[in-house]
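Trainee: Please take me through one part of this model in close detail. I would like the sheet, the helices on it, and then the ligand site.

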Amino acid sequence: MSRVQLLFAGADEYNDIWVKAAASLPDLDLVLYRPGLDPSRFRYLMLWRPVPGLLPAMPNLKAVFSFGAGVERHLANPEIPAHVPIVRMVEPGLTQGMADYVLWQVLRHHRRFWELEEAAREGRWAPHWYPAAWDRKVGILGLGNLGQAAARQLLSFDFQIRGWSQSRKDLPGIASFAGTAELPAFLKDLEILVCLLPLTPQTAGILNAGLFAQLAPGAALINAGRGGHLVEADLIPALNSGQLAAASLDVFATEPLPGDHPFWAHPRIFVTPHNASDTDPGTGLGEVWRQIVAFEGGRPLENVVERARGY
Ligand SMILES: NC(=O)c1ccc[n+]([C@@H]2O[C@H](COP(=O)([O-])OP(=O)(O)OC[C@H]3O[C@@H](n4cnc5c(N)ncnc54)[C@H](OP(=O)(O)O)[C@@H]3O)[C@@H](O)[C@H]2O)c1
């Protein structure tokens with residue numbers, strides 16, 4: 001097969017590190033999109049933010065590779081033709097980064113490090129009791145690629161793990177709950193809740209006061225899915241009432257999170273700038289290249305978005 005030509009667009013801030021990573025893949029030509037470039041010869045596009053007018057000028061397009069795992073912005077992009085498959089990003093760097101982030105935040109809430117930090121700031125010597133990890137109930141909304149990796153990481157630290165997904169999973173050591181009917185049983189007595197769902201019409205607003213009320217009193221929330229999963233107006237009241245003790249938020253309804261947003265100043269809300277995990281240029285590009293070679297060889301693409309279900 002001749003060299004693979006991949007057009008890279010809509011993620012300009014990452015151009016340099018991706019060009020550098022492409023240098024180690026001699027059979028792949030990564031071409032950065034720039035206004036004025038004729039994109040018509042490209043069969044493969046790696047896309048993040050929409051670039052108006054780009055896709056209609058690509059009559060030979062065979063597949064769109066999403067720069068990230070979340071694909072809601074591609075599904076909302078009317079320029080991607082219905083017959084062109086959209087491939088979600090699944091690659092080891094992104095997966096490991098999310099497993100690390102979830103472990104970091106679960107440990108933070110498990111050990112209530114924020115209480116120790118508050119005491120330290122005030123010069124108070126205030127040791128507190130905490131249960132063993134095997135007595136801590138942690139639940140993961142979304143037991144897909146990232147949710148399963150996070151679950152495995154947490155299992156290796158001996159936490160009690162439950163997962164919720166559309167279809168039931170058979171995963172060693174993980175209690176699987178499936179579908180809306182089993183959501184209450186999944187939530188019951190959970191002490192730490194992690195959201196790693198895709199944003200779809202079914203999952204939008206799922207993190208709301210009604211859901212918080214089903215968790216153990218004083219539970220912690222970790223949202224690394226999408227900002228649209230959280231009903232933001234419900235969070236601070238839940239923290240003030242003690243229903244939730246603390247929250248870690250990586251994603252927001254408006255990004256960047258405005259400087260005057262009350263989440264920044266709240267002592268029990270830990271904000272990160274949509275940085276829980278990023279696609280690694282080396283392994284990410286290697287994965288796209290592997291898929292294109294397989295596809296050109298007649299094999300089906302993997303991790304193709306099912307448009308009707310929204311992820
Ligand atoms: N903060 C960050 O830096 C960052 C980075 C990457 C990704 N993300 C977010 O993480 C999300 C998950 O990525 P992924 O690669 O793990 O996706 P994935 O492999 O497609 O997994 C999605 C999981 O959610 C479940 N699900 C979807 N809709 C559901 C519903 N209505 N009810 C119950 N379960 C439902 C799926 O169930 P089934 O298994 O039964 O299909 C699956 O287990 C992305 O969509 C993105 O929003 C965030």
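Mentor: Strand S1 (residues 4-9) and strand S3 (residues 44-47) run parallel, joined by four bridges. One of the bridged residues is Ala9, whose partner in S3 is Leu47. Keep in mind that this is a predicted model.

Now widen the view. S1 and S3 belong to an open sheet of five strands, ordered S2-S1-S3-S4-S5, with parallel pairing. The edges are strand S2 (28-32) and strand S5 (86-87). Each has a single partner strand, so one side of each is left without a neighbour in the sheet.

Next, the helices. Helix H1 (residues 15-22) packs on the sheet and touches S1, S2 and S3. The direction of H1 makes about 165 degrees with that of S2. Helix H10 (residues 281-296) lies across S1, S2, S3, strand S4 (63-66) and S5. H10 runs at about 135 degrees to S1.

Turn to the ligand. There are 29 residues around the ligand, and Leu146, Ser167, Lys169, Asp250 and Tyr311 come nearest. By class, the shell has 12 nonpolar, 12 polar and five charged residues. A side-chain N or O atom of Lys169 is 2.5 Å from a ligand oxygen atom. Asp250 places a side-chain N or O atom 2.8 Å from a ligand nitrogen atom. Ala224 uses its backbone: an N or O atom there lies 3.1 Å from a nitrogen atom of the ligand. On its own, the ligand has 940 Å² of accessible area, and the protein covers 94% of that. Helix H5 (145-155) and strand S7 (160-165) are the elements that give two or more residues to the shell.

Key:
Residues numbered from 1 in each chain as written. Predicted model: local features only at pLDDT ≥ 70, side-chain atom pairs only at ≥ 80, totals over all residues. Heavy atoms only, no water. Pairing = 2+ DSSP bridges. Contact = heavy atoms within 4.5 Å. Axes fitted to C-alpha atoms, helices over the stretch in contact; angles between N-to-C directions. Near = heavy atom within 4 Å. Polar contact = N/O pair within 3.5 Å; in protein donor to acceptor, adjacent residues only side chain to side chain. Areas by Shrake-Rupley, 256 points an atom, 1.4 Å probe, with all protein chains shown as cover. Nonpolar A, V, L, I, M, F, W, Y, C, P; charged D, E, K, R; others polar.
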